[in-house]
Amino acid sequence: MSLTEVLVAVAIAVGIAGIIVPVLPGTLLVLGAVLVWALDVDTSTAWVVFAVCTVLLAGGSVVKFLVPGRSLKASGVPSRTLAVGALLAFVGFFVVPVVGMFIGFVLGVYLAERARVGAAAAGPSTRAALRAVGVSILIELVAAFLAATAWVVGVVVT
């Protein structure tokens with residue numbers, strides 16, 4: 001295994017971690033790492049692998065917005081609620097590094113839903129919003145793992 005392949009593998013792992021803990025642009029990091037590998041190897045197989053990874057990651061990015069969006073619409077949770085959650089996640093990240101992001105997001109979603117639907121209905125709608133976000137992350141994660149698998153196959157074949 002070459003140094004480039006080791007560095008690409010590390011970058012892909014960091015990208016996958018960035019999907020789970022959304023501090024880094026995970027999908028872009030995975031795709032960029034595979035691009036670096038394709039440029040280094042510069043064979044038709046490497047470019048086919050890059051194209052496959054691009055399709056997988058782009059498809060995952062589209063699906064991660066469509067599926068949870070439908071779920072949120074069905075449960076009646078507006079986009080504004082997620083925006084408030086994202087804002088408090090940003091603030092929470094700086095108040096309590098890393099962990100505060102998660103606490104801030106949940107708190108922001110809950111507070112927005114409490115203001116919108118009242119205390120009694122805020123819990124179920126908050127859970128629906130958090131489920132949708134979890135599904136979104138899972139979809140992006142599966143796409144990244146599939147792209148990483150395609151890259152590993154490309155490394156073995158080339």
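Mentor: Happy to! Let's begin with helix α3, where A46, V49, F50, C53, L57, G60, K64, P68 and L72 are buried. Keep in mind that this is a predicted model.

Trainee: Okay, and what covers the buried residues of α3?

Mentor: The cover includes α2, α4 (79–95) and α6.

Trainee: Nice. How many residues does α3 have, and how far does it reach?

Mentor: It has 32 residues, and from the first C-alpha to the last it reaches 47 Å. That is close to the 46 Å expected at 1.5 Å a residue.

Trainee: And what happens just after α3?

Mentor: There you find G76, which takes a positive phi of about 85°.

Trainee: Let me pick a residue. Is F65 buried or exposed?

Mentor: F65 is in α3, which runs over residues 44–75. Its relative accessibility is 59%, so F65 counts as exposed; the cut-off for exposed is over 50%.

Trainee: Which C-alpha distance can you give me for F65 and S136?

Mentor: Their C-alpha atoms are separated by 6.8 Å, although the two residues are 71 apart along the chain.

Trainee: How do α3 and α6 pack?

Mentor: Their axes are 9 Å apart, at an angle of about 170°. The two helices are therefore roughly antiparallel to each other. The residues of this contact divide into 21 nonpolar, 6 polar and 2 charged.

Trainee: New topic: what about α2 and α6?

Mentor: Helix α2 (residues 26–41) packs with helix α6 (residues 119–157) at an angle of about 10°, and their axes are 10 Å apart. That makes α2 roughly parallel to α6.

Trainee: Which residues meet there?

Mentor: From α2 you have T27, V30, V34 and W37. On the α6 side they meet E140, A144, A147, W151, G154 and V155. By type, the contact divides into 7 nonpolar, 2 polar and 1 charged.

Trainee: What is T126 in contact with, leaving aside its neighbours within four places in sequence?

Mentor: Setting those neighbours aside, T126 is in contact with V106, V109, Y110 and E113.

Note on methods. Residues are numbered from 1 along each chain as its sequence is written. This is a predicted model: local features need pLDDT of at least 70, side-chain atom pairs count only at pLDDT 80 or more; totals for chains, interfaces and linings use all residues. Side-chain values use heavy atoms; hydrogens and water are left out. Helices (H or I, at least four residues) and strands (E, at least two) are DSSP runs, numbered from the N terminus. Buried means under 20% relative accessible area, exposed over 50%, partly exposed in between (1.4 Å probe, protein chains only). Axes are lines fitted to C-alpha atoms, for helices over the stretch in contact, and angles run from 0 to 180 degrees between N-to-C directions. Angles under 35 degrees count as roughly parallel, over 145 as roughly antiparallel, 65 to 115 as roughly perpendicular and the rest as oblique. Contact means heavy atoms within 4.5 Å. Ala, Val, Leu, Ile, Met, Phe, Trp, Tyr, Cys and Pro count as nonpolar, Asp, Glu, Lys and Arg as charged, and the others, Gly among them, as polar. The expected span of a helix is 1.5 Å times one less than its number of residues.
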